Amino acid sequence: MHLEFRHLRVLLTVAEAGSIRRAAARLQLSQPATSAQLKRIEHELGGPLFIRSAEGVKPNENGQYVLRCARDLVVGFDRLREYARSAAEADTETAAPLRAGGTAGPLVPLLISTLFELVPERRVTIDARRSVHTLVKGLSRSKCDIAVFGEFPGFPLPVGESVATRTLLREPVFVLLSEDHPLARQETVSLHDLRGEEWAMPEADESGVHAYLHLTCQAAGFTPHIAHVTPDLSVAQILVAGRRAVCGVWPTTDVPAPGTVQRPLLDVPFHRRLQLAWNTESVPPELVDAVGERLLAGYLSLVRQRSQYLAWWEAGGEEFALGEDR
């Protein structure tokens, strides 16, 4: 047997307890196991260290010397461990924060809660942006470490060489209609059937959302009329409820506003890719994998909370959203 640090604690426990029976209880071992271990330790150190009697055990002269040395070693080790832990905690407190970002959508709160759970010891700062271009620029310039955003097909967002991206899923656009609209009686709506409608849209930006709508509608045989521009969905909902417009909405959006209904578009002509992006120099691969898994699980939980989205998902939408070609 080779003498190990844990054996010193056994010797000290036996000495402090004054009996092998009491020492065994403190060590959470059986009395025979404790007695056998003590004999092996004594053999390794050259002979008996305790005087056994009916009243218990007490150290002999050799044992007293060994116990003094053992106490010094144990105290020194405890100090070493305490210092190392304190130093590590200080390093964590002074380390640069993990900078997270995103654009409006369900993945931003999911990303925040995910990082809080996965790296609770790390300070996390949040920079949620309306402009996806500003967000991606921050990633490229190492001003942001990890982020989530949407990207429209045909309009890739340029990221720097140190930034990697991963598509989590493809998210469809549903159309928001007045509940009095004739198309509201249908379970799904063809994009071509919206050719005579006025559209309410968010402001045009570097994401290409307006251009993507034009290209998608032109492929369906018409040019969309964007009559209203507003960054506020509640304003768009008022326009839709009053039959002044239709608008696209993400299917994870909360229950439709009064007087409106959501309907899936046939053949998913309009969608975006939900992207996870990270700086490869500041975010380790294992954290990226864990974040990606948690984000996808959180998103699927949202799907189950939206009855219409869940119906679309179970009717073949899941294959589109999570297919290998995403």
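F174 stands opposite P264 in β11. Let me start from that pair. Keep in mind that this is a predicted model.

F174 brings us to strand β7, residues 174-178. β7 and β11 pair in the antiparallel sense, over five bridges. Now step back to the sheet. It has three strands, it is open, and the order is β10-β7-β11. The pairing is antiparallel. Which strands stand at the edges? β10, residues 247-249, and β11. Each has a single partner strand, so one side of each is left without a neighbour in the sheet. On average, neighbouring strands here are turned by 40 degrees against each other, ignoring direction.

Two helices to note on this sheet. Helix α8, residues 233-241, packs on it and touches β7, β10 and β11. The direction of α8 makes about 50 degrees with that of β7. Helix α10, residues 307-322, also packs on the sheet, touching β7 and β11. Its direction makes about 10 degrees with that of β11.

L176 sits in β7. Is L176 buried or exposed? Its relative accessible area is 1%, so L176 is buried; the cut-off for buried is under 20%. Leave aside sequence neighbours within four places, and L176 contacts Q237, V240, V246, C247, V249, P256, T260, V261 and Q262. For scale, take N60. L176 and N60 are 116 residues apart in sequence, and their C-alpha atoms are 88 Å apart in space.

Q262 was in that contact list. Q262 is in strand β11, residues 260-264. With 6% relative accessibility, Q262 counts as buried. What does Q262 touch, beyond its neighbours within four places in sequence? F174, V175, L176, V249, P251, T253, D254, P256 and Q308.

Next, another sheet. This one is open too, with five strands in the order β4-β3-β5-β12-β6. The pairing is mixed. β4, residues 124-129, and β6, residues 163-172, are the edge strands, and each pairs on one side only. Neighbouring strands are turned by 20 degrees against each other on average, direction ignored. Look at β3, residues 98-103: it runs parallel to β4, and six bridges join them. Within that stretch, R99 stands opposite T125 in β4. Helix α6, residues 132-140, packs on this sheet. α6 touches β3, β4, β5, β6 and β12. Its direction makes about 140 degrees with that of β5.

Helix α1 covers residues 5-17. Just after the helix comes G18, with a positive phi of about 80 degrees.

Last, a helix pair. α2, residues 20-27, packs with α3, residues 31-44. The angle is about 105 degrees, and the axes are 8 Å apart. That angle makes α2 roughly perpendicular to α3. Which residues make the contact? From α2, they are I20, R21, A24 and L27. From α3, they are Q31, T34, S35 and L38. By type, the contact residues divide into four nonpolar, three polar and one charged.

Conventions. Residues are numbered from 1 along each chain as its sequence is written. This is a predicted model: local features need pLDDT of at least 70, side-chain atom pairs count only at pLDDT 80 or more; totals for chains, interfaces and linings use all residues. Side-chain values use heavy atoms; hydrogens and water are left out. Axes are lines fitted to C-alpha atoms, for helices over the stretch in contact, and angles run from 0 to 180 degrees between N-to-C directions. Helices (H or I, at least four residues) and strands (E, at least two) are DSSP runs, numbered from the N terminus. Angles under 35 degrees count as roughly parallel, over 145 as roughly antiparallel, 65 to 115 as roughly perpendicular and the rest as oblique. Contact means heavy atoms within 4.5 Å. Ala, Val, Leu, Ile, Met, Phe, Trp, Tyr, Cys and Pro count as nonpolar, Asp, Glu, Lys and Arg as charged, and the others, Gly among them, as polar. Buried means under 20% relative accessible area, exposed over 50%, partly exposed in between (1.4 Å probe, protein chains only). The expected span of a helix is 1.5 Å times one less than its number of residues. Two strands pair if DSSP finds at least two bridges between them.
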